[in-house]
Amino acid sequence: MAAPANQIWARPLRVEPLDIITNQGIHHFKVEVADTPETQERGLMYRRSLAPDRGMLFDFKTVQPVTFWMKNTYIPLDMVFIGADGRIVSIARNAAPMSESLISSAGPVLEVLELPGGRAAQIDALPGDRVRERRPGR
């Protein structure tokens with residue numbers, strides 16, 4: 001029998017190291033991995049803060065166009081859309097908290113990395129930059 005959604009959401013997610021390589025150098029993050037429909041639905045909703053070196057990685061397991069929104073998300077976020085080759089496809093910067101406006105990946109992606117709003121600009125992340133995961137199988 002499956003656990004109720006509120007129990008799934010209450011479980012801590014696996015945290016993995018991840019690097020973004022920009023023209024400024026290598027930037028290290030620790031990211032929670034959302035790799036099930038339940039954890040992806042919850043995302044960073046209801047969080048009140050997110051440290052500068054933290055984020056959430058949505059692993060869709062297949063390459064596809066994706067759309068996000070910020071409903072029930074209290075903090076601004078940067079959404080880094082990542083292709084199958086590990087390169088940044090596009091970045092949605094400072095997505096507005098609590099907005100139901102749709103945010104598109106602007107193309108097929110394998111993953112999406114959510115960072116604190118403004119962090120992508122701080123590290124000078126741009127489309128074409130590389131995201132390197134240090135978890136098994138990546």
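Trainee: What makes the strands of this model a sheet, and in which order do they lie?

Mentor: In this predicted model, seven strands form an open sheet with mixed pairing, and their order is E6-E5-E8-E3-E2-E1-E9. From one strand to the next, the twist averages 30°.

Trainee: Why are strand E6 and strand E9 called edge strands?

Mentor: Strand E6, residues 88-95, and strand E9, residues 130-133, each pair on one side only, so they are the edge strands.

Trainee: How do you know that strand E5 and strand E8 pair?

Mentor: Two strands pair if there are at least two bridges between them. Strand E5 (residues 77-82) and strand E8 (residues 109-116) have six bridges in the antiparallel sense, and therefore they count as a pair. Within this pair, Phe-81 stands opposite Val-112 in E8.

Trainee: What makes strand E1 and strand E2 a pair, and how many residues lie between them in the hairpin?

Mentor: Strand E1 (residues 15-22) and strand E2 (residues 25-34) run antiparallel and are joined by eight bridges, which meets the cut-off of at least two, so they pair. Pro-17 stands opposite Lys-30 in E2, and the hairpin formed by E1 and E2 has two residues between the strands.

Trainee: How do you know that E1 also pairs with E9?

Mentor: The reasoning rests on the bridges again: four of them join E1 to E9, where at least two are needed, and therefore these antiparallel strands pair as well. Here Ile-21 stands opposite Arg-130 in E9.

Trainee: Through what do strands of a sheet pair in general?

Mentor: They pair through backbone hydrogen bonds, in either a parallel or an antiparallel way.

Conventions: Residues numbered from 1 in each chain as written. Predicted model: local features only at pLDDT ≥ 70, side-chain atom pairs only at ≥ 80, totals over all residues. Heavy atoms only, no water. Helix = DSSP H or I, 4+ residues; strand = E, 2+ residues; numbered from the N terminus. Axes fitted to C-alpha atoms, helices over the stretch in contact; angles between N-to-C directions.
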